[in-house]
Amino acid sequence: MSALALSVLLSLVSAVAYAGGAILQERVAATTPGQRYAPMRRGAWWVAIALNGLGALLHVVALAYGPLSLVQPLGALTIVFALPMAAVFVRRRAGATAWRGALMATVGLAGLLSLTSSSDSQTLADAERIMLALVTGGAVLGLMVAAHAAHRHPVVRSVLLACAAGAAFGIASVFTKTVAVDWDQNVAIVEQLPTLGAIAVLAAAGVLLSQASYRGAGLAAPLSTVTVVNPVVAAAVGLTLFGESFRHGATGTVLALGSGVVAACGLILLTTERIARETSTVTVAQGRPAAQGEPSEPSSAAPQDEPSAAEQEQKQEQPRPAVDGLSAVPSQQPVAAHRRTRPRQPGRHERMVS
């Protein structure tokens, strides 16, 4: 097997591992809504972490055997693998709009990355690393605050958290590349400890934020957002700090911008599809007529039939106590009937005559 074929195979297996981890993360988020970021007591969550780690390892090995322009677009197949896998394993089917959005996001990302040309291996200066870490931390915190403010809109909150996770993963990849370049240049490991610490913090933040992004938003929208934002952020840093550029000059730049628009439209489709589904669910739950093609479900908010006035009066009346050794008269009989049915007591005059 050639090095190129091995790189393609590793990239495909890596995408499948990432897809499996995403499906498990979404299921854990759906079954443990009270634990947003780290449901450590769930074994499925640890399996998802292991699958994500396997996908990252295979991705790094694939980069060792193949070019970046081939491996990175193949990583975008994660969302394409995740949708049918979710339908088969967890009975979570995606609609036609979700499929169109996922394919558009994947095609746009693949086109954007295929037009990016890599330059010679470069590293970042200490000042650039500090600036990049501070900007990334500020952006992630800002997205988290915005997501918290949008807690009433689960899909918007999910997309914001997924953007934060994708940014953390993308900058972690940038720092990983700088460590690899420094290793080739025989830089002492002690000098790389701050960068390694930043990689660990960003990777952990990406895992926790991606886990929180799946709560209440399904699988397609957050996974597609992370899949697109991650390499886009890495490519943006490569274009600005590593001297990378687009192929074919001005034509390649225009095509890259068009690919970015296609990817963004795919994400918008995924988001609007989930929002439309939630809106229809709320409409049916409130007792309004469902739209054509939507299942009609009984409304849990519909008012209950109120009891009649006679039933309320019957519940309020209590049985009368026994009088003169007689049993209590049922409360539903009127008082007049009580007097008519009571046996006549012998009077005082009758007892004296006898």
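Figure 1. Helices here are DSSP runs of H or I with at least four residues, strands are runs of E with at least two, and both are numbered from the N terminus. This is a predicted model, so local features need pLDDT of at least 70 and side-chain atom pairs count only at pLDDT 80 or more, while totals for chains, interfaces and linings use all residues. Residues are numbered from 1 along each chain as its sequence is written, and side-chain values use heavy atoms, leaving out hydrogens and water. Of the 354 residues in the chain, 36% are buried (buried means under 20% relative accessible area, exposed means over 50%, and partly exposed is in between, using a 1.4 Å probe and protein chains only). Now take the contacts (heavy atoms within 4.5 Å) with a separation of 6 or more: 74% of them join residues 24 or more positions apart.

Figure 2. N186 counts as exposed because its relative accessibility is 69%.

**Figure 3. D182, a buried residue in α7.** D182 sits in helix α7. Its relative accessible area is 5%, so D182 is buried. Who does D182 touch, leaving aside neighbours within four places in sequence? Its contacts are T123, R129, V187 and Q192.

**Figure 4. Helices α7 and α8, packed together.** The axes of α7 and α8 come within 8 Å and cross at roughly 155°. (Axes are lines fitted to C-alpha atoms, for helices over the stretch in contact, and angles run from 0 to 180 degrees between N-to-C directions.) That makes α7 roughly antiparallel to α8; the cut-offs are under 35 degrees for roughly parallel, over 145 for roughly antiparallel, 65 to 115 for roughly perpendicular, and oblique for the rest. The crossing of α7 and α8 is left-handed (the near helix is turned anticlockwise from the far one by less than a right angle; clockwise would be right-handed). By class, this contact of α7 with α8 has 18 nonpolar, seven polar and one charged residues. For the classes, Ala, Val, Leu, Ile, Met, Phe, Trp, Tyr, Cys and Pro count as nonpolar, Asp, Glu, Lys and Arg as charged, and the others, Gly among them, as polar.

**Figure 5. Helices α7 and α9, packed at an angle of about 40°.** Here the axes of α7 and α9 are 7 Å apart. That angle makes α7 oblique to α9, and their crossing is right-handed. Residues of α7 in this contact include S158, A162, G166, F169 and V174, while those of α9 include P222, V226, N230 and V237. The contact of α7 with α9 divides into 14 nonpolar, six polar and no charged residues.

**Figure 6. Helices α4 and α9, crossing at roughly 160°.** The axes of α4 (residues 78-89) and α9 (residues 220-241) come within 10 Å. The two helices are therefore roughly antiparallel to each other, with a right-handed crossing. T78, I79, A82 and L83 in α4 meet A220, L223, S224 and T227 in α9. Those residues divide into five nonpolar, three polar and no charged.
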